[in-house]
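Please read these notes with the model open beside them. They go through a few places one at a time.

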Amino acid sequence: MSTAIVLFRRDLRLADNPALVAACAKHDRILPTCIHAPDEEAPWAPGAASRWWLHHGLEALHGQLAAQGGDLHLLAGDTLDHLRALIRATGAIAIHWNRRYEPAGIASDTALKAALHEDGLDVHSHAGHLWREPWTLATDAGPPYRVFTPFWRKLRASLPDPKPLPVAHAREWLRLPGSLPTAALGLLPTIRWDAGLASSWTPGEAGAHELLEIFADDAVADYAKGRDLPARHGTSRLSPHLHFGEITPRQIQRMLQDRAAATDARRRPDLEPYLRELGWREFAHHLLYHFPHTPNANFNPRFDGFRWAAADEMLLERWRRGRTGIPLVDAGMRELWHTGWMHNRVRMVVASFLTKNLRQHWQHGAGWFWDTLVDADLANNTLGWQWVAGCGADAAPYFRVFNPYLQAAKFDPEAVYLKRWLPELAGLPAKVIHEAWRHPSVFAGKGYPAPMVDLGASRDAALAAWSALAD
């Protein structure tokens, strides 16, 4: 009887899991294993919100495997050392995993595969996270893409009708002594600030598919418009599930296409706007793979000479805590702190405010999002912050400065979202909230801070800094 080890990392699912399916097809006994090794992801080890999700995602995977008579063998420490010990204990002849695409993950997996090959092991890595792996798409001239639209055009044309792999069923799940309880990893905060996360999310494969069902039943039909309205659940909210590999892009595509095909043609939703957003996720990974320095450096080196304001901890802390005096910015930052997530339209507004009205370096914002987002993904986080700051690939020009008051009035006209996250303003009319700068005494009476900057003057200062760079 042959034994294989399947190494779980950011692929906490049983369905459409190429590594698991391949191992079950070739071997009699399977040992599902997760080795928590955050040091191997440095300098981008998971932040606090991601660790919370990981704890609960691992618990969910434990439950799924237990329902099939198996278990997740959970360890912490050096991956190679633990795998070698497991090989000795089980006589395993093969190891399977799904590939990672962050720079540290690629380097770690490359070294791991070489060492295991040297040991005589049969090692297989699989494509399990993206529609297309980052090195498989290039411009006609050969270099990697730097602009989204032609990237998406080629990616969209190359997407086959997805045929998800089945749920894997092992002939025998192998169990070993010595597996750690999930709590031993220390992923949850010691001072419990996570009640809002717990009330907002159900980590795990089942939670991912429940959200997809809800999205397919309702929001996808109005996605092109609804995705911009923060008061509504107009987006899929699948980003953390995608990040932790609890669902895959092709599963999403297949389910939505099947549901649309079964719908009367007159009411059939247009899936393209949503699929295009999944394409942005692919583009982010494409950029990170080809330009691995960008989490710490401007994609556009021209911005290396940009005159950012000196880091101001007081300004940064007011921004982090949602105390800027700008309602839409504060609502977004409070939503983030409470739920570990923020609506994408609002993400752009709070990022623009930080990098342009406060002229603080985009890395201050990227670092805070990394620690507080449950969907903190290095590729997406890097792309998003550099896009808004104007220094990234296919970025919004720096002179595009989001006006938080106009954005709120347009996309939250009744102030439903603002009142939800700014309860001190809940009794005010929407028009008053949207014109906060006109009513300083009213807002002061509610205990709400005055605006920390003048939006017009700070915009002018930002454009002057950009003009100096342009010259």
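The points below concern a predicted model.

1. Start with aspartate 109, which sits in helix H4, residues 103-118. Its relative accessibility is 9%, so aspartate 109 counts as buried, the cut-off being under 20%. The side chain of aspartate 109 makes a polar contact of 2.8 Å with the side chain of arginine 9. Leaving aside residues up to four places away in sequence, aspartate 109 touches Arg9, Trp97 and Arg100.

2. Next, look at helix H15, residues 362-372. Its buried residues are Trp362, Gly365, Ala366, Trp368, Phe369, Trp370 and Thr372. Among the elements that cover these buried residues are helix H2 (48-67), helix H12 (313-320) and helix H13 (327-339). Helix H14 (344-357) and helix H16 (378-389) are also included in that cover.

3. Arginine 359 lies in the loop between H14 and H15. Its phi is positive, about 50°, although arginine 359 is not a glycine.

4. Alanine 415 is placed in the loop between helix H17 (404-411) and helix H18 (416-421). With a relative accessible area of 0%, alanine 415 is buried.

5. The peptide bond from alanine 42 to proline 43 is cis, and its omega is near 5°.

Technical notes
Residues numbered from 1 in each chain as written. Predicted model: local features only at pLDDT ≥ 70, side-chain atom pairs only at ≥ 80, totals over all residues. Heavy atoms only, no water. Helix = DSSP H or I, 4+ residues; strand = E, 2+ residues; numbered from the N terminus. Buried < 20%, exposed > 50% of the residue type's maximum accessible area, 1.4 Å probe, protein only. Polar contact = N/O pair within 3.5 Å; in protein donor to acceptor, adjacent residues only side chain to side chain. Contact = heavy atoms within 4.5 Å.
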